[in-house]
Amino acid sequence: MQQEYKLENIPATTSRSQWLKDNFQYIPPAFITLILLVGQFTFGILDSYTTLVAAIATAMIAEIILARIVLGTWKNLASAYITGISVGILIRSNVIWPYVVTSLLSILSKYVFRYKDRHLWNPSNFGISWMLALYSANVAGLSIQWGSNLLAMSVIWILGLLIVNRAKRLHVTVTYVISFIILAYVRCLITGDAFLAELSPLTGPMYQLFIFFMITDPPTSVSSRKGRIIVAILVAIAEFVLRLNNLIYAPFFALFLVGPLAKFLDLRWNALHKRKQEKPGPGPGSVI
Amino acid sequence: MSPSKKYTKIIITAIFICLLAITFVASRNNDFFSIKRNSRQKAAAEKAFGFYLEPVNKEAKISFRHIAPEVDPKLNNIKMQIASMGAAVSICDFDNDGWNDIYFTNSAIGSKNALYRNLHNGEFEDVAGKMQLAHVNRKGSGVSMGAVWCDYDNDGFKDLLLYKWGKPELFKNIEGKRFERVTEGSGLPAWVNANSAIWFDFNNDGLPDIFIGGYYKEIFHLDSLNTTKIMPESFRYANNGGRNFLLKNKGNGKFEDVTNEYGLTSTKWTLAAAAADFNGDGYPELYIANDYNVDEFYLNKNGQRFEEKGREAGVGHIPKSGMNASFGDIANDGNIGVYTTNITEKGILIQGNNYWQPRSDRSAEQPSFVDLAQISGIENAGWSYGAQFGDLNNDGFMDLYVANGFISAKENTSYWYDYSKVTGGNSAIIGDAKNWPDMEGKSQSGYEQDKIWLNNSDGLFEDVSDKVCPAITYDGRAVAIADLWNRGVLDVVVANQNNIPLVYKNYAGNDNHWIAFDLQGTISNADAIGARVEVEWDGKKQAQIVTGGMGFSSQNQHRLHFGIGKSDKIDRVVIYWPSGHADKIENPEINKLHIIKESKPNN
């Protein structure tokens with residue numbers, strides 16, 4: 001999850017909305033922190049504060065160093081903070097090194113896998129998917145619920161929807177959720193399992209983080225609204241296929257596969273389109 | 001791109017690739033189930049580790065086989081998961097002949113429990129039928145989940161508490177010749193879906209009391225249900241399990257339910273319990289291991305009430321799948337810790353087991369613990385159930401046996417994906433069994449080998465599972481440790497779900513020395529449950545406690561066994577009786593079982 005939100009096309013009608021516009025990049029980090037705090041103080045979701053701090057610190061330090069030496073700039077650390085906190089929440093291990101390594105891999109991926117000077121993978125999606133795909137003896141994912149408190153879950157959903165709406169990414173979340181529900185029904189017809197069993201993961205915290213922070217990440221989203229809707233559907237379909245193959249962390253893997261490919265094609269298409277537009281037309285003396 | 005930027009990019013890419021490669025290789029090399037079929041031969045194991053465990057069911061004439069309980073057809077989709085417990089073992093010298101006998105529970109309606117009497121010649125004879133302890137699994141009264149022995153009436157013979165998914169039963173031992181069912185009128189509850197029970201004298205009145213832990217709610221009869229909403233409301237925060245029972249021994253064959261009065265009102269899903277005095281006030285604390293939630297630590301307030309202090313003690317922070325509570329002094333410093341087992345499944349659920357070492361001295365009113373499982377190398381075992389400490393090679397340090405494996409059904413299949421779907425969901429989904437995907441004969445954490453960890457005396461344990469016994473992958477549940485043939489070594493008995501037990505004879509490969517104590521209370525309860533024995537030798541001090549059951553659905557031998565390695569002398573032994581009295585023995589004879597009667601205090 002990177003979340004470099006920048007509000008565009010929001011009329012600056014009031015000073016409050018202007019302030020919001022100027023500082024919107026800090027809203028998602030604040031929101032994910034709120035989720036963490038609600039989860040921690042309601043249920044004690046964190047097994048250890050140390051691992052969380054290690055993940056966040058690694059991500060932020062790596063971002064500072066890499067931005068400086070690769071891009072020659074000082075980067076705002078909001079996105080690195082989200083990456084770190086996501087790693088801290090979404091992976092589970094009894095030892096500290098996986099948190100450090102996952103954060104490091106996540107941030108490094110931003111600076112290694114680049115095309116047209118843009119990174120392709122959502123950073124934490126890359127790091128978490130890699131660690132989980134290895135089926136490591138030391139790492140697992142957050143595949144369990146935080147509790148059965150409907151109020152806490154409702155607050156998270158409402159706030160999450162408000163924020164992705166504000167960030168102009170509500171269509172991504174809604175498309176993905178609708179696709180998931182439809183495909184869950186199709187899966188239940190195929191597997192014979194209860195519809196609620198197929199729907200169940202959507203009610204857990206892993207998905208709340210996935211649909212509000214990971215799949216909506218602006219820097220790794222494609223440029224058009226229509227394109228983003230198509231990508232969200234494709235991610236849901238890829239996840240559907242992976243789920244039929246019993247992969248627990250299917251949403252991460254689906255985004256890992258679909259997201260970068262879509263981003264690559266989008267960047268390439270835009271570059272070609274731009275080149276075509278910039279290409280000088282035939283001069284007055286041209287024979288063509 | 002400038003050359004310096006180019007080199008920077010190359011270096012960063014190289015670091016990135018190295019990290020990917022290292023994590024890939026590390027994940028491949030870190031397999032905690034490295035079952036190697038080419039195990040060392042017995043002689044090599046005896047030489048290298050000082051012991052070898054050989055299954056001797058046939059030679060010992062132990063033919064018992066556990067059969068899983070039947071459940072209501074409405075639960076057929078997850079029948080294997082529901083019916084995954086009930087194989088239990090407890091050790092007792094029921095006829096006071098000086099030889100340990102073995103009691104196994106069975107769990108199908110009509111199946112028979114077995115009481116194997118020790119014939120002193122290496123063989124055992126099932127006398128459960130003759131003793132009226134076999135036909136106890138009946139429609140309407142429930143099926144056995146475990147049993148614990150204790151001389152509750154202080155008449156010199158150990159009686160039997162049988163706990164079930166059903167009505168708990170009490171059998172009085174009539175001079176080792178037969179057992180009389182005395183359940184009616186004893187005050188035991190009408191129905192408990194229990195997977196744990198222990199005897200302990202919580203008020204030190206010399207009369208052993210009972211704790212029974214509820215798992216499923218007691219309103220459910222699992223073989224005939226009118227609902228499927230019986231499952232935990234959460235995988236980590238469930239409070240909708242069965243209630244617990246604290247039953248005070250009134251001394252007239254009757255027990256009084258004092259659960260509420262003593263503050264044990266939790267309804268977490270209890271799977272194990274063990275009691276010991278952790279703050280030196282003479283009253284035993286109660287450690288409760290819970291599934292689907294945090295463990296609980298109940299501080300005993302002078303035998304008048306219990307206060308739950310799990311968070312303050314450090315053991316109640318992280319919800320896991322607690323399935324065991326057993327005691328062991330792994331560092332020979334007289335500090336007894338609690339070993340709890342949980343689930344570790346590669347890439348899916350890494351809970352890890354815990355060894356809770358007290359970090360406060362025994363005089364602190366509020367004990368606190370620190371988890372040393374990881375640092376000691378006894379954290380990741382698998383889907384673990386019962387575990388027991390015991391010095392398997394008599395080298396003076398307590399080793400650890402952990403039973404593993406949840407459901408071994410179709411090979412190369414896994415229910416984990418299906419399981420993760422519902423366990424990640426809301427309570428309305430997880431709490432109703434009908435939402436759980438059909439298991440279709442799939443395994444889940446099946447075919448796991450039990451773990452045997454050798455204490456290397458430096459605070460680290462060595463995994464010798466595939467070296468000191470044949471590679472067997474039954475679904476292990478209860479573990480009991482006992483000197484079955486009076487040879488001065490600890491043998492191991494493992495009750496396996498839906499399978500034969502493993503009766504391991506310990507072949508010692510060294511001439512290490514040992515000492516054992518069988519305590520008899522006179523002022524304290526006759527079984528001396530709660531007594532603490534400290535053995536000092538060669539600068540070491542190892543402490544053990546007499547318990548009325550610990551582990552998972554199990555009970556070790558009553559006597560306490562201490563290996564002392566090559567030392568040929570023990571400096572002293574101090575016995576702290578529950579009555580508050582202490583006996584000291586200087587230079588006791590080694591390689592001998594000492595039967596110690598509590599002395600009368602000099603006023």
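Strand 28 and strand 29 (residues 491–496) of chain B are joined by six bridges and run antiparallel. Helices (H or I, at least four residues) and strands (E, at least two) are DSSP runs, numbered from the N terminus. Two strands count as paired if DSSP finds at least two bridges between them.

A word on the source. This is a predicted model, where local features need pLDDT of at least 70, side-chain atom pairs count only at pLDDT 80 or more, and totals for chains, interfaces and linings use all residues. Residues are numbered from 1 along each chain as its sequence is written, while chains are lettered from A and ligands numbered from 1 in the order in which they are written.

Back to the sheet. It is open, has four strands in the order 1-30-29-28 of chain B, and pairs antiparallel. Which strands stand at the edges? Strand 1 (51–55) and strand 28 (476–482) of chain B do; each has a single partner strand, so one side of each lacks a neighbour in the sheet. The twist averages 25° from one strand to the next. Axes are lines fitted to C-alpha atoms, for helices over the stretch in contact, and angles run from 0 to 180 degrees between N-to-C directions.

Helix 2 (residues 42–49) of chain B lies across strand 1 and strand 30 (502–508) of chain B. Helix 2 runs at about 140° to strand 1 of chain B. Contact means C-beta atoms, placed from the backbone, within 7 Å.

Next sheet. Four strands of chain B form an open sheet in the order 18-19-22-23, again with antiparallel pairing. Strand 18 (326–328) and strand 23 (369–371) of chain B are at the edges, each with a single partner strand, so one side of each is left without a neighbour in the sheet. Neighbouring strands are turned by 30° against each other on average, direction ignored. Strand 22 (residues 354–358) and strand 23 of chain B pair over three bridges, in the antiparallel sense. There, B:Gln357 stands opposite B:Val370.

Now chain A. Helix 3 (residues 49–71) and helix 4 (residues 78–90) of chain A pack at an angle of about 150°, with their axes 8 Å apart. They are therefore roughly antiparallel, the term for angles over 145 degrees. The contact includes A:Ala55 and A:Ala59 of helix 3 of chain A, and A:Gly84 and A:Gly88 of helix 4 of chain A.

Last, B:Ala274. Its contacts include B:Ile198, B:Tyr287 and B:Met550, not counting residues up to four places away in sequence.

Methods: Contact = placed C-beta atoms within 7 Å. Parallel < 35°, antiparallel > 145°, perpendicular 65-115°, else oblique.
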